[in-house]
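Hello,

Here is the structure I promised to pass on to you. Have a look at it first, and then read on for what I found in it.

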Amino acid sequence: MDQSAWPEVAEAVAAAPYPVKVLPNDPARSSACLAALEITARSWLGAVVANTGGLLVDHGWLRVLGSGHGGLPDVPGESDPARGVVVIGYDVLGGQFVWAPPQPAARPTVHYFGPDDLGWLDLEQGYADWLYAVLAGSLTRFYDTLRWPGWETEVAALAPDLGLSAWPPPFTKEGKDLSQVSRKAVSLAEAVSFYQDAARQLGS
């Protein structure tokens, strides 16, 4: 039997410097997701899909996708296997993490689409390295310019399938300081699509 990587992931979750909530999974749904992705629980991605509905990291700021929970989607449902693009997480503001080859035939790496610049950034990490860094505390520095006093309470109160809409948005000059903008809860899907649409309209 294949040895699961879950004990390694669980150890990293337990050692995280900020709260990480493991959402429960439906074993049948997890199995179906693994089959759709054609992976096993030996990989870190497979272990997350096999054992969780998702992970809520740092008061829920980052939602790492698993096999789905409530309104939080599963990995294969959000991904495009034909293009080799695997969506692995969303942040509360509508940012998106995908695992995809930077160029045809290249080894996949994690890329981030940010609501502050509407561009894709290659983090040059594989999935396991990315998730390990996230669970080791990398989000604190990564999101330093996108947080405001008291964000922890505001974000933690949101359901996993909800995000925050900021107006003016953070890609504008007026929206750079999120402590000064209007923020309201919206569906996570709405938050994500807003920035993707803005990027297309602005040619980013």
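**The sheet and the helix across it**

Helix α5 (residues 127-142) lies across β1, β2 (54-57), β3 (62-65), β4 (86-91), β5 and β6, running at about 170° to β3. Contact here means heavy atoms within 4.5 Å. Axes are lines fitted to C-alpha atoms, for helices over the stretch in contact, and angles run from 0 to 180 degrees between N-to-C directions. Helices (H or I, at least four residues) and strands (E, at least two) are DSSP runs, numbered from the N terminus.

Before going further, please keep in mind that this is a predicted model, in which local features need pLDDT of at least 70 and side-chain atom pairs count only at pLDDT 80 or more, while totals for chains, interfaces and linings use all residues. Residues are numbered from 1 along each chain as its sequence is written, and side-chain values use heavy atoms, with hydrogens and water left out.

The open sheet has 7 strands in the order β1-β2-β3-β4-β5-β6-β7, with antiparallel pairing. Two strands pair if DSSP finds at least two bridges between them. At the edges are β1 (20-23) and β7 (120-122), each of which pairs on one side only. From one strand to the next, the twist averages 20°. Within the sheet, β5 (residues 96-100) and β6 (residues 109-113) are joined in the antiparallel sense over 5 bridges, and F97 stands opposite Y112 in β6.

**How the helices pack**

Let me start with α5 again. Helix α1 (residues 6-15) packs with α5 at an angle of about 25°, their axes 7 Å apart. The two are therefore roughly parallel to each other (angles under 35 degrees count as roughly parallel, over 145 as roughly antiparallel, 65 to 115 as roughly perpendicular and the rest as oblique). V9, A12 and V13 of α1 make the contact with L131, Y132 and L135 of α5. By class, that contact has 6 nonpolar, no polar and no charged residues. For these classes, Ala, Val, Leu, Ile, Met, Phe, Trp, Tyr, Cys and Pro count as nonpolar, Asp, Glu, Lys and Arg as charged, and the others, Gly among them, as polar.

Helix α3 also packs with α5, at an angle of about 65° and with the axes 8 Å apart. Here W44, L45 and V48 of α3 meet Y127, A128, L131 and Y132 of α5. These residues divide into 7 nonpolar, no polar and no charged.

On to α2 (residues 27-37) and α3 (residues 44-51), which pack at about 150° with their axes 7 Å apart. These two helices are therefore roughly antiparallel to each other. S30, C33, L34 and L37 in α2 meet G46, V49 and A50 in α3, a set of 5 nonpolar, 2 polar and no charged residues.

**Aromatic pairs**

Rings of Phe, Tyr and Trp (its six-membered ring) pair if their centres lie within 6.5 Å; planes under 30 degrees apart count as stacked, over 60 as edge-to-face and the rest as tilted. By this rule there are 16 aromatic pairs. One of them is W44 with Y132, which is edge-to-face at 6.4 Å centre to centre, with 65° between the planes. W44 lies in helix α3 and Y132 in helix α5, so this pair ties together parts that are 88 residues apart in sequence.

**Two backbone details**

Most residues other than glycine have a negative phi, and most peptide bonds are trans. E38, however, has a positive phi, near 55°, and sits in the loop between α2 and α3. The peptide bond from W167 to P168 is cis, with omega near 0°; P168 lies in the loop between β8 (162-167) and β9 (182-187).

Best wishes
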